[in-house]
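Dear colleague,

My notes on it follow directly after.

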Amino acid sequence: MSDCIFCDIVAGTAPSRQVYADDDVIAFLDIRPVKPGHTLVIPRNHSRGLRDLAPADGEKMFAVGQKVAIAMRTALDVDGVNLVVNDGRAAMQTVFHTHLHVIPRHRGDKLSFAKSLVVRRDPHPDATAAKLRRALDQS
Ligand code: 5GP
Ligand code: ZN
């Protein structure tokens, strides 16, 4: 185990519901989703935030975020998607391994990052991950 939970997920020493992986980037479901399907895209290389993120890793992270967002539109029947990077404590970053949030949205829904963390959960995360994985495999 390292002192970075996302490095542990990359290494496979911590569990995750992975929906996409390539040589540079992986994507997996957020453990406390703002909405079911909420996915995190991370470069395999560790960086704390935007200041030490290699630009090439940022490009790959965004490209995979775009892919996941498009897959969500069909797999999860969503109306829209937010792509978000929280950079720094003041911006609500809590895990200091750079990541891109891909958050599915439905018309008229209400979104609150700051809402009590305990109410953020998907009752069927395995089924959600399987749908998304299938759409990404076909993309
Ligand atoms: P941040 O606030 O740093 O932008 O977002 C960190 C995100 O990582 C949070 O939405 C949180 O729910 C998620 N997270 C924290 N620890 C874990 C974990 O061990 N596994 C997964 N899948 N997500 C995590
Ligand atoms: Zn890390």
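Which elements each supply at least two residues of the shell around ligand 1? They are α1, residues 5-11, and β2, residues 25-29. Please bear in mind throughout that this is a predicted model.

Helix α1 provides three residues of the shell, which is the largest share. There are 17 residues around the ligand, and D30, M92, T94, H99 and H101 come nearest. Sorted by class, the shell comprises nine nonpolar, five polar and three charged residues.

Oxygen atoms of the ligand take part in several polar contacts. One such contact, at 2.6 Å, involves a backbone N or O atom of T94. A polar backbone atom of V95 is 2.9 Å from an oxygen atom of ligand 1. The side chain of H99 also takes part, with an N or O atom 2.8 Å from an oxygen atom of the ligand. Ligand 1 taken alone exposes 520 Å², and the protein buries 86% of that area.

**H99**

H99 belongs to the loop between β4 (80-84) and β5 (100-105). Is this residue buried or exposed? Its relative accessibility is 7%, and H99 therefore counts as buried, the cut-off being under 20%.

The side chains of H99 and H101 are joined by a polar contact of 3.5 Å. Setting aside residues up to four places away in sequence, H99 touches F6, L40, V41, I42, M61, V84 and V85.

**V41**

One of the residues touched by H99 is V41, which lies in strand β3, residues 39-43. The relative accessible area of V41 is 0%, so this residue is buried. Beyond its neighbours within four places in sequence, V41 is in contact with V25, I26, A27, M61, V64, G65, V68, T98, H99, L100 and V102. The C-alpha atoms of V41 and A69 are 11 Å apart in space, while the two residues are 28 apart in sequence.

**The aromatic pair**

How many aromatic pairs does the structure hold? There is one. It is formed by F6 and F28 in an edge-to-face arrangement, with 5.4 Å from centre to centre and 80 degrees between the planes. Because F6 lies in helix α1 and F28 in strand β2, the pair ties together parts that are 22 residues apart in sequence. Both F6 and F28 are buried.

Most residues other than glycine have a negative phi.

D77 is located in the loop between α2 (55-75) and β4. With a relative accessible area of 60%, D77 is exposed.

At 44% relative accessibility, M92 counts as partly exposed. As noted above, M92 is among the residues that come nearest to ligand 1.

With kind regards

Note on methods: Residues numbered from 1 in each chain as written. Chains lettered and ligands numbered in written order. Predicted model: local features only at pLDDT ≥ 70, side-chain atom pairs only at ≥ 80, totals over all residues. Heavy atoms only, no water. Helix = DSSP H or I, 4+ residues; strand = E, 2+ residues; numbered from the N terminus. Buried < 20%, exposed > 50% of the residue type's maximum accessible area, 1.4 Å probe, protein only. Contact = heavy atoms within 4.5 Å. Near = heavy atom within 4 Å. Polar contact = N/O pair within 3.5 Å; in protein donor to acceptor, adjacent residues only side chain to side chain. Areas by Shrake-Rupley, 256 points an atom, 1.4 Å probe, with all protein chains shown as cover. Nonpolar A, V, L, I, M, F, W, Y, C, P; charged D, E, K, R; others polar. Phe/Tyr/Trp six-rings, centres within 6.5 Å; stacked < 30°, edge-to-face > 60°.
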